[in-house]
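Please read it with the coordinates open.

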Amino acid sequence: MASIKDRATDAGLGAFNWVESRLGLFKTAWGFASHPTPENNASWWYVFGSAATVLLILQIVTGILLALIYSPSAGEAWSSLNVLNHNIALGWYVRALHGWGSDFMIAIVLIHMAQVFLFGAFKFPRELTWMVGVLLLLLTLGMAFTGQVMRFDQDSYWGLGIGASISSRVPLIGAPLVHLVLGGPTIGAATLSRFFTLHVFVIPGILLASVGVHIWMTLFHGVSDWPVPGRIVRKETYVKEYHELTAKTGIPFVPDAAWKDAVFAAAIIFAVMACAFFFGPFGPGGPPDPTIIQTAPKPDYFFLWIYAVLAFLPPSIETPVILVVPVIGIAAMLLLPLVSGEGERHWAKRPVAVLMVSVIAVSLGIFTHLGTYTPWSPIMNAWSSDPVPVKFLQHRTPLERQGAVVLQNKQCRNCHALDGVGGERGPALDDVASRMTEDQIIRQVLQGGGNMPAYGNALNPSETKALTQFLESLRGNDLAPAIDASRELTKTSEMKAPAEPARH
Amino acid sequence: MSEPQQHSGEPIATVVPHEKTAEEKAAAHSRRTFLFKLSVLLNGAVGAALAVPIVGYLLGPASRKAEAEGAWVGLGSADNFPVGETRLVDFESPVKGLGDGETGKVACWVRRISASQFQVFAINCAHLGCPVRWFSESKLFMCPCHGGAYYENGDRASGPPERGLFEYKYKLTGDGLMIHAGDMPTLATQASCAGKDKPLVQIQAATNPGEEV
């Protein structure tokens, strides 16, 4: 007589066999999961792809949870997010998970891409895996942009405006394209609905299918072996070498390699949870009311670098750059494995690849950092909120002090800082008189130039006089005033020899 | 059960074209093959007939004529706008649709030059559409996004915009000020039909102090 435990085991096994003999999936799945992989790629460097997949699943689950409450209607979306934040139990936490999960997902996808690039894993026979990966990056960024629209606050509204303005720069089809992006003549109900459709149906559908293809190709070709300097990828020999390596050093992917993936994925999800818990959800900011113009719209973190680049492009080349450079960039990423599908894989033998990653990473970092404090933007309330520091008023004549009042009233501080306070669009004025002569200051103020508007229409002669007198007194730590070297020469006449230029 | 590593040690499977035998050629011309090809053709035709209206539906917003959008909107009595001042006005978009909510509202800057002369500017910066703010002391419009600046008359003053502010067409009916509004103003969908004689893109020198003093 079998014990109860044995009978229960038999019954469980019987049930499993009954299902599996009809379903036929478990054995196949286990075959895939436990496929042999070269021992040398069971590394902590190989965990980012699986972490991105786990984050995608988190995004899908939290996205579905948000859809229970969110109202994708231009009139209600913003309010429904506030309901989620404040009136639904733990609604804030699910929003925070989705928001932070999105930031983590982009970061992990970028790290995954950089790792694959530096390890030369995009080379033969994994070229198409890389190309699908590029598509996945674009889809992930597409999810991030459409997700920002879902928040439907001020930033989201003006972000759509920026999108429409960029579309309007496309030659010939600009106007129809704007209408196509917005779903109508203005940003409104149709706009939010179509971005909701993209964010919830279209892009996730393509994303999931592409992830499936991406993972299938990873299984089909096997996870790339650890790159070794001098081990050259050749189309004739690579596959054979890879399978010899697998036969010699292969370990089952599950569990011998996959435990690292699992630990890292758990750590990442825990980090998302911690950020969500401690920092909370993103916004929503002010309501999407275009008549509230007291706003400084800014995109989400991963688009800040684009926002910064758009501030620096000269007007004459901006449209061509906006429309052509992304196409070239995407084409370059797609064609990379076709151009360099063979050869060295190890980063030590690919200095150009290392240099490219470094330059791109540093550039993105710098532009993102600039985007966080937007030095190119006037500080709209500096003129009314930041007084001229007292030290700039001491030992000044009444006219100079009147000039300080003019400086304040004419909103100069919106772009020019004094003692580190004020806008950064123009140079700080603390020691302007040591750089520019009185003539140069007057000309600059009245006629503008070099990215400064002309104030000739906004200043009367007495204001101009007072302002320049005040600016003339700004010489930092008693630096010598700027002098016009040719001025002494103008004092000469034909009757007398030129005087020695004055030395300060 | 299929092993993912089935092709272990072999080159990647490739399809090699080969000369067809007489039997294969005959099979390719059988009645069943013909009927299958016909069914593919039939589905292609049905698919195309299905796709045309779907594409038409998707492209619907793009096929609308830009000039057809919009209507005249009243901004209230002209007396609300003192000569020499520039003021912010809100109005309800004439193209506001069902469910637009707050996004159906629009703001614009009205500048009264003289008793009968106005300029009505869109708040959207000509660079990338952010809302510009008017500073009456320095007589400048400034944009919070990338620092575009415009003079009192809408001309570009400095920064990344490649042209001046978009202007709405206006008219005076009795003492009421009306503007023609519709599309969100962008480089391709300008607010003003009056400015059509002007080139779409006018790159101006940053030192242009404006036309009237």
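1. **Conventions.** This is a predicted model, in which local features need pLDDT of at least 70 and side-chain atom pairs count only at pLDDT 80 or more, while totals for chains, interfaces and linings use all residues. Residues are numbered from 1 along each chain as its sequence is written, and chains are lettered from A and ligands numbered from 1 in the order in which they are written.

2. **Domains.** Chain A is divided into domain 1 (33–373) and domain 2 (382–490). Their centres, taken over C-alpha atoms, are separated by 47 Å. Chain B also has a domain 1 (22–61) and a domain 2 (67–197). Here 53 Å separate the centres, again over C-alpha atoms. Domain bounds come from an automatic or database domain assignment.

3. **Chain B make-up.** Chain B holds 3 helices and 10 strands. Both are DSSP runs, numbered from the N terminus: helices are H or I with at least four residues, strands are E with at least two. From the N terminus, the order is α-α-α-β-β-β-β-β-β-β-β-β-β. Of its 213 residues, 36% are buried. Buried means 20 or more other C-beta atoms within 10 Å of a residue's own; exposed means 12 or fewer, and partly exposed is in between, with C-beta atoms placed from the backbone. Among contacts in chain B with a separation of 6 or more, 52% join residues 24 or more positions apart. A contact needs two C-beta atoms, placed from the backbone, within 7 Å.

4. **Annotated segment.** UniProt, in an unreviewed entry, lists residues 112–179 of chain B as "domain: Rieske". UniProt positions are in the numbering used here, feature names are shortened, and annotations may be inferred rather than shown by experiment. The segment is 0% helix and 43% strand. Its end C-alpha atoms are 13 Å apart.

5. **Interface.** Chain A puts 77 residues into the contact and chain B puts in 68. On the side of chain A that touches chain B, α2, α7, α8, α9, α10, α12 and α13 each supply at least two residues. α8(A) gives the most, with 8 residues. This side of chain A divides into 40 nonpolar, 29 polar and 8 charged residues. Nonpolar covers Ala, Val, Leu, Ile, Met, Phe, Trp, Tyr, Cys and Pro; charged covers Asp, Glu, Lys and Arg; the others, Gly among them, are polar.

6. **Helix α6(A).** This helix covers residues 127–150 of chain A. Its 24 residues should span 34 Å at 1.5 Å a residue, and the end C-alpha atoms are 35 Å apart, which agrees. The expected span is 1.5 Å times one less than the number of residues. Its buried residues include Trp130(A), Leu136(A), Leu139(A) and Met143(A). The buried residues pack against α5, α7, α9 and α13 of chain A.

7. **Helix α18(A).** Residues 461–472 of chain A form this 12-residue helix. It reaches 16 Å, close to the 16 Å expected. Ala466(A) to Leu471(A) are buried. Their cover includes α16 and α17 of chain A.

8. **Cores.** A nonpolar core is a set of buried Ala, Val, Leu, Ile, Met, Phe, Trp, Tyr and Cys residues joined through C-beta atoms within 7 Å. The largest has 104 residues; Ala51(A), Leu55(A), Ile108(A) and Cys108(B) touch the most other members. Its largest share, 11 residues, comes from α5(A). Apart from this core lies another of 22 residues, among them Phe392(A), Val445(A), Ala466(A) and Leu467(A).

9. **Cis peptides.** Most peptide bonds are trans. Phe124(A) and Pro125(A) are joined by a cis bond, with omega about 0 degrees. Pro125(A) lies in the loop between α5 and α6 of chain A. Val254(A) and Pro255(A) are also joined by a cis bond, with omega about 10 degrees. Pro255(A) is in helix α11 of chain A.

10. **Positive phi.** Leu172(A) has phi near 70 degrees and lies in the loop between α7 and α8 of chain A. Leu172(A) counts as exposed because it has 8 C-beta neighbours inside 10 Å. Asp419(A) has a positive phi of about 55 degrees. Its place is in the loop between α16 and α17 of chain A. With 14 other C-beta atoms within 10 Å, Asp419(A) is partly exposed.
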